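Biologist: I have a chain to learn from today. Can you walk me through it, one question at a time?

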Amino acid sequence: MSETAPLTQGGPVAPMRCATVEDLARVRERLAKVEGGHDNLRDGLNTLSVQFSDLRRDLTKSMADTGAQTRREIMERVDDMTDTATERNNEISGRLARIEGGLKLTSWVTMTFIVLATGLLGWGQIGDAAWSFCKRAFGYGS
């Protein structure tokens, strides 16, 4: 067995080659580039993470602000609708009160007329009866 040709199951392998100083320098240079790339990627990922956090915070705030604005607008519309309904209710109540007043006046006039007519008719009958009685009592009747 030789040190330059280790044995494997399939037989001897090609002789091993030792790296030169230039090879090591090239490997170190490539490793430094890879490590620099990794550092750049890590910095980029950290920057993206911060940007995503900022975006999530801004979106959450924007959604909360929009929700609050929407709630305010809805409540303003509900208040407007309530005010309109109250105005209409007051207007209708006023109209109904005027109609009710008119009906009461009409009812009072009608009842007064009925009472007067009934009274006049009653007095008229009493007068007719008294006249008939007097005519008969004094012999003026037939």
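Modeller: Start with a definition. Buried means under 20% relative accessible area, exposed means over 50%, and partly exposed lies in between. Keep in mind that this model is predicted.

Biologist: Is Cys134 exposed or partly exposed?

Modeller: The relative accessibility of Cys134 is 33%. Exposed needs over 50%, and buried needs under 20%. So Cys134 counts as partly exposed.

Biologist: And Cys18: buried or exposed?

Modeller: Cys18 has a relative accessible area of 68%. The cut-off for exposed is over 50%. Therefore Cys18 is exposed.

Biologist: How many disulfides are there?

Modeller: A disulfide needs a pair of cysteine sulfur atoms within 2.5 Å. By this rule, the count is zero.

Biologist: What percentage of the residues count as buried?

Modeller: The chain has 142 residues. Its accessible surface is about 13,200 Å², and carbon and sulfur atoms own 63% of that. The buried share of the residues is 1%.

Biologist: How much accessible area does the nonpolar patch have together?

Modeller: Leu45, Leu48, Phe52, Leu55 and Leu59 form this surface patch. Phe52 lies in helix 1 and counts as exposed, at 53% relative accessibility. Together the patch residues have about 500 Å².

Note on methods:
Residues are numbered from 1 along each chain as its sequence is written. This is a predicted model: local features need pLDDT of at least 70, side-chain atom pairs count only at pLDDT 80 or more; totals for chains, interfaces and linings use all residues. Side-chain values use heavy atoms; hydrogens and water are left out. Patches are made of residues with over 30% relative accessible area and no salt bridge: like charges are joined within 9 Å, nonpolar side chains (Val, Leu, Ile, Met, Phe, Trp, Tyr) within 5 Å. Accessible areas come from the Shrake-Rupley method with a 1.4 Å probe; for residues, only the protein chains shown count as cover. A salt bridge is a side-chain nitrogen of Lys or Arg within 4 Å of a carboxyl oxygen of Asp or Glu. Helices (H or I, at least four residues) and strands (E, at least two) are DSSP runs, numbered from the N terminus. Buried means under 20% relative accessible area, exposed over 50%, partly exposed in between (1.4 Å probe, protein chains only).
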